[in-house]
Each structure stands twice: as structure tokens, then as C-alpha cells.
Amino acid sequence: EQGRHQLDVATFFYAQQVESYRWRHHWYALSQLESPVDDVTAILINYHPVENLADARAFIVRLTRVSEVVDDVIAGIKLRAAKGVRPPSFVYPKIIENTQGLLLGKPFEDVNNESLLLSSFRERVTALGLSDELVTRAEQVLVSDYQPALLRYIEFLKASQKDTNEDDGVWKLPDGVAFYRAALRRYTTTDLGADEIHERGLEEVARIHDEIRQIMVKVEYKGSLQDFFH
């Protein structure tokens, strides 16, 4: 029985993948909440292991490969733009600000404090008692490879922003209505239309509010529903 359930889930998942393939370029390559370039830095800081010399060396090598990630992201943005899929203009300043924040501190600036990336690497290397030469090498790579890649990414974003506007609904995308319907099926696992889903939401909110009002009676609360929320 468990195997049958797993098969049903897998079949459903891959059917969605097939249906979504048509829309693979309708999803934005980046947003104000997520940028693959920023994600790489977060992974290096928070998840990349540095438990021995090999890990430390691998960390430095990956710093040299960030430029490839930038190239891939830029290519993805260009591909989508050619299809008429561009994020709204108001997301760009936030993405740019976040990326610029990764270049604060040493070795990018002549200041006392280190960047998050460098300080994270230094702390782990020092804790293992490894050579300071590793930190020196990381600083060099940050300046020679990592920083130029991010600056190129920032300049590309600034240039791309000029070709966008503040329109922010999927209706602005090519075949936006069909894409929205496909997205509804993907996120709700139903064939309900947008109006039906909205009506269902209103019904659920009303049901929950009625249950809360019953609680208000039980606890003898005399204020309004909004006051009770507070």
C-alpha cells in the first residue's frame, strides 16, 4: 500500500514536470527574495564544509567558479527577456543592494572588518589549525575572481532594469492566462479556476472566523474580532 502511494506521488510529480516544461522560461530567473548568485555565497558561508585541508582547498576553487554561475544566470535572464519575460523594475534595486552587500569589508574595501565570506572561511580554517596561507589565497581569489564576477552581475542588472517596467502580474507575460491556469494546477493540485479558488478562500476565512468567535464566547471576551486577534 505504501508503495502504491509513493508511485501515485511520483507519477503526479512527473506529470506536473511534463506539463510545466512548456512554461520553464516563464518563471523569473531571480527576484527580490532570491538570486542564484547570492545563493551561492550563502551556500559557501552556511553549508560548505571546511573540516579538513581538502575542504578548504575546495572552498577556494569554488570561489573561482562563481563567475560561471554569473554567466549562467545572465544567460538565463537574456533568454527569458527574448521571450518577453522580465521581472518588474522594482525588484532590481533590492537585488542589486543585496549583491553589493556581499562586497562589503575586506578584502574588497580598505576597512578593518572582513566580509562575511572571508571571515567565515578564516574562522573555520583557524579552528582547524590550518595554514594562514589558505586565508591569503582566499583573499586573492576573492579580489581576482569573485569580486569582478559580482560587479559584472551588478552592472548587467542595472542595464537590464532600463528595459523593464513596473507591471507585475502574470497577465503581462506571453500566454499569461494559460500560464496562470497551469500555475494554479501546480500549486493547488486541483482543476479549480481562479474565481473558484478565491471563493473557497473567502469561505474558509469565514469558517475560521466563526470558530474563533466561538472561542471568544467561551473565554468571555467582549471586544471585537480584530481586538481579539491583537
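Lys158 is partly exposed, with a relative accessible area of 35%, where partly exposed lies between buried (under 20% relative accessible area) and exposed (over 50%), for a 1.4 Å probe and protein chains only. Accessible areas were computed by the Shrake-Rupley method with a 1.4 Å probe, and for residues only the protein chains shown count as cover. The side chain of Lys158 forms a salt bridge with that of Glu155, at 3.9 Å from N to O; a salt bridge is defined as a side-chain nitrogen of Lys or Arg within 4 Å of a carboxyl oxygen of Asp or Glu. Glu155 and Lys158 are both part of helix H7 and lie 3 residues apart, about one turn of the helix. Helices (H or I, at least four residues) are DSSP runs numbered from the N terminus.

The model is predicted: local features need pLDDT of at least 70 and side-chain atom pairs count only at pLDDT 80 or more, whereas totals for chains, interfaces and linings use all residues. Residues are numbered from 1 along each chain as its sequence is written, and side-chain values use heavy atoms, with hydrogens and water left out.

Over the whole structure, 10 salt bridges were found. Side chains of opposite charge can pair when their charged atoms come close. One of the salt bridges joins the side chains of Asp71 and Arg152, with an N to O distance of 2.7 Å. This pair links distant parts of the chain, since Asp71 belongs to helix H4 and Arg152 to helix H7, 81 residues apart. Asp71 is partly exposed at a relative accessible area of 40%, and Arg152 is partly exposed at 35%.

In helix H9, Arg213 and Asp210 are 3 residues apart, about one turn of the helix, and their side chains meet in a salt bridge of 3.1 Å, N to O. Arg213 counts as partly exposed because its relative accessibility is 39%; Asp210, at 41%, also counts as partly exposed.

The largest nonpolar core contains 38 residues, a nonpolar core being a set of buried Ala, Val, Leu, Ile, Met, Phe, Trp, Tyr and Cys residues joined through side-chain atoms within 4.5 Å. The residues with the most contacts inside this core are Leu63, Phe121, Tyr146, Tyr153 and Leu157. At least two core residues are supplied by each of helix H2 (36-46), helix H3 (53-64), helix H4 (66-82), helix H5 (92-101), helix H6 (116-127) and helix H7 (132-161). H7 provides the largest share of the core, 12 residues.

Surface patches were also identified. They consist of residues with over 30% relative accessible area and no salt bridge, with like charges joined within 9 Å and nonpolar side chains (Val, Leu, Ile, Met, Phe, Trp, Tyr) joined within 5 Å. Asp195, Glu196, Glu199 and Glu203 form a negative surface patch. For charges, Lys and Arg count as positive and Asp and Glu as negative, while His and the chain ends are not counted; the place of a charge is NZ of Lys, CZ of Arg, CG of Asp or CD of Glu. Glu196 is located in helix H9 (residues 194-218) and counts as partly exposed at 45% relative accessibility. A nonpolar surface patch of about 260 Å² is made by Ile215, Val219 and Tyr221, with Val219 in the loop between H9 and helix H10 (225-229).

Backbone geometry was examined next. Most residues other than glycine have a negative phi, and most peptide bonds are trans. The peptide bond from Lys106 to Pro107 is cis, with omega near 5 degrees, and Pro107 lies in the loop between H5 and H6. Asp175, a residue other than glycine, has a positive phi near 50 degrees. Asp175 is placed in the loop between H7 and helix H8 (176-188) and is exposed, with a relative accessible area of 51%. Phi of Thr189 is likewise positive, near 55 degrees. Thr189 is in the loop between H8 and H9 and counts as exposed at 53% relative accessibility.

Lys222 occupies the loop between H9 and H10 and counts as exposed at 76% relative accessibility. The C-alpha atoms of Lys222 and Val50 are 58 Å apart in space, for a separation of 172 residues in sequence.
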